[in-house]
Amino acid sequence: MSGASSVGNPLSAIQTKLQNLRREKEITDSEIASLELEKNAIRKVIPKVLHELLSMREGIEAKQQELTVYDKAIQEIEKSYGHIIFSQDFFVDDENPQSLLSSNF
(Lines give C-alpha, C1' and ligand atoms only; values in the text may rest on other atoms or scores of the structure.)
Protein backbone atom coordinates (compact mmCIF):
# COMPACT_ATOMS: atom_id res chain seq x y z
CA MET A 1 0.00 0.00 0.00
CA SER A 2 1.26 3.41 -0.82
CA GLY A 3 1.13 6.39 1.54
CA ALA A 4 -1.14 8.39 -0.78
CA SER A 5 -3.94 5.84 -0.75
CA SER A 6 -4.13 5.72 3.07
CA VAL A 7 -4.32 9.53 3.35
CA GLY A 8 -7.14 9.89 0.82
CA ASN A 9 -7.59 12.16 -2.12
CA PRO A 10 -6.50 15.70 -1.11
CA LEU A 11 -8.43 17.21 -4.05
CA SER A 12 -11.67 15.65 -2.82
CA ALA A 13 -11.05 16.96 0.71
CA ILE A 14 -10.39 20.46 -0.64
CA GLN A 15 -13.57 20.39 -2.77
CA THR A 16 -15.65 19.18 0.20
CA LYS A 17 -14.22 21.91 2.42
CA LEU A 18 -14.93 24.52 -0.27
CA GLN A 19 -18.55 23.35 -0.61
CA ASN A 20 -19.02 23.50 3.16
CA LEU A 21 -17.60 27.03 3.31
CA ARG A 22 -19.88 28.19 0.47
CA ARG A 23 -22.91 26.66 2.20
CA GLU A 24 -21.99 28.41 5.48
CA LYS A 25 -21.48 31.67 3.58
CA GLU A 26 -24.99 31.39 2.07
CA ILE A 27 -26.49 30.74 5.51
CA THR A 28 -24.64 33.74 6.95
CA ASP A 29 -25.77 35.96 4.05
CA SER A 30 -29.36 34.85 4.65
CA GLU A 31 -29.07 35.57 8.38
CA ILE A 32 -27.68 39.04 7.65
CA ALA A 33 -30.60 39.76 5.30
CA SER A 34 -33.09 38.64 7.97
CA LEU A 35 -31.42 40.79 10.60
CA GLU A 36 -31.48 43.80 8.27
CA LEU A 37 -35.23 43.33 7.71
CA GLU A 38 -35.83 43.05 11.45
CA LYS A 39 -33.69 46.15 12.09
CA ASN A 40 -35.73 48.15 9.55
CA ALA A 41 -39.00 46.96 11.07
CA ILE A 42 -37.80 48.05 14.52
CA ARG A 43 -36.77 51.44 13.17
CA LYS A 44 -40.34 51.94 11.95
CA VAL A 45 -41.84 50.94 15.31
CA ILE A 46 -39.52 52.93 17.58
CA PRO A 47 -41.03 56.39 16.87
CA LYS A 48 -44.53 55.05 17.61
CA VAL A 49 -43.38 53.45 20.86
CA LEU A 50 -41.52 56.60 21.91
CA HIS A 51 -44.61 58.70 21.21
CA GLU A 52 -46.71 56.33 23.30
CA LEU A 53 -44.13 56.45 26.09
CA LEU A 54 -44.20 60.25 26.06
CA SER A 55 -48.00 60.22 26.21
CA MET A 56 -47.91 57.87 29.17
CA ARG A 57 -45.39 60.04 30.98
CA GLU A 58 -47.58 63.10 30.41
CA GLY A 59 -50.61 61.19 31.67
CA ILE A 60 -48.75 60.12 34.80
CA GLU A 61 -47.58 63.68 35.44
CA ALA A 62 -51.15 64.96 35.07
CA LYS A 63 -52.43 62.33 37.52
CA GLN A 64 -49.65 63.22 39.97
CA GLN A 65 -50.69 66.87 39.78
CA GLU A 66 -54.29 65.79 40.45
CA LEU A 67 -53.10 63.90 43.51
CA THR A 68 -51.33 67.01 44.74
CA VAL A 69 -54.52 69.04 44.37
CA TYR A 70 -56.53 66.39 46.24
CA ASP A 71 -53.92 66.16 48.99
CA LYS A 72 -53.94 69.93 49.47
CA ALA A 73 -57.74 70.07 49.53
CA ILE A 74 -57.90 67.25 52.08
CA GLN A 75 -55.28 68.93 54.26
CA GLU A 76 -57.09 72.27 54.11
CA ILE A 77 -60.44 70.73 55.03
CA GLU A 78 -58.91 68.68 57.85
CA LYS A 79 -57.06 71.74 59.14
CA SER A 80 -60.13 73.96 59.02
CA TYR A 81 -62.80 71.48 60.06
CA GLY A 82 -60.86 68.65 61.70
CA HIS A 83 -62.10 69.51 65.17
CA ILE A 84 -65.66 69.02 63.90
CA ILE A 85 -65.11 66.12 61.52
CA PHE A 86 -63.15 63.96 63.94
CA SER A 87 -65.27 64.60 67.01
CA GLN A 88 -67.49 61.77 68.26
CA ASP A 89 -70.58 63.99 68.16
CA PHE A 90 -70.23 64.55 64.42
CA PHE A 91 -71.05 60.96 63.54
CA VAL A 92 -74.79 60.35 63.45
CA ASP A 93 -76.28 56.92 63.96
CA ASP A 94 -78.01 56.05 60.67
CA GLU A 95 -80.81 54.24 62.48
CA ASN A 96 -81.36 57.07 64.94
CA PRO A 97 -80.63 60.44 63.28
CA GLN A 98 -81.90 62.26 66.40
CA SER A 99 -78.96 60.86 68.38
CA LEU A 100 -76.88 63.92 67.52
CA LEU A 101 -79.58 66.22 68.80
CA SER A 102 -80.10 64.27 72.00
CA SER A 103 -76.41 64.05 72.88
CA ASN A 104 -74.99 66.28 75.58
CA PHE A 105 -73.13 69.26 74.16
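The legends below go through several close-ups of this predicted model, starting with the whole chain.

Residues are numbered from 1 along each chain as its sequence is written. Because the model is predicted, local features need pLDDT of at least 70 and side-chain atom pairs count only at pLDDT 80 or more, while totals for chains, interfaces and linings use all residues, and side-chain values use heavy atoms, with hydrogens and water left out.

**View 1. The protein chain holds three helices and zero strands.** Helices (H or I, at least four residues) and strands (E, at least two) are DSSP runs, numbered from the N terminus. Of the 105 residues, 1% count as buried; buried means under 20% relative accessible area, exposed over 50%, and partly exposed in between (1.4 Å probe, protein chains only). The accessible surface of the chain is about 10,000 Å², and 60% of this belongs to carbon and sulfur atoms. Accessible areas come from the Shrake-Rupley method with a 1.4 Å probe, and for residues only the protein chains shown count as cover.

**View 2. Asn 9 caps the N-terminal end of helix H2.** Look for the side-chain oxygen of Asn 9, which lies 3.0 Å from the backbone nitrogen of Leu 11.

**View 3. Lys 25 and Asp 29 join in a salt bridge.** A salt bridge is a side-chain nitrogen of Lys or Arg within 4 Å of a carboxyl oxygen of Asp or Glu, and by this rule there are three. Here the N to O distance is 3.7 Å. The two residues are four apart in helix H2 (residues 10–85), so about one helical turn separates them. Lys 25 is exposed at 54% relative accessible area, whereas Asp 29 is partly exposed at 42%.

**View 4. Glu 36 and Lys 39 form another salt bridge.** Their closest N and O atoms are 3.0 Å apart.

**View 5. Lys 63 pairs with Glu 66 in a salt bridge.** The closest N and O atoms lie 3.5 Å from each other. Both residues belong to helix H2 and sit three residues apart, about one turn. Lys 63 counts as exposed at 54%, while Glu 66 is partly exposed at 32%.

**View 6. Ile 42, Ile 46, Leu 50 and Leu 53 make a nonpolar surface patch.** The patch covers about 340 Å². Patches are made of residues with over 30% relative accessible area and no salt bridge; like charges are joined within 9 Å, and nonpolar side chains (Val, Leu, Ile, Met, Phe, Trp, Tyr) within 5 Å. One of the members, Leu 53, lies in helix H2 and is partly exposed at 37%.

**View 7. Helix H2 bends at Lys 79.** The bend is about 55°, taken as the angle between axes fitted to the seven residues ending there and the seven starting there.

Definitions and conventions:
A polar contact is a pair of N or O atoms within 3.5 Å; within protein, one must be able to donate a hydrogen and the other to accept it, and residues adjacent in sequence count only if both atoms are side-chain atoms.
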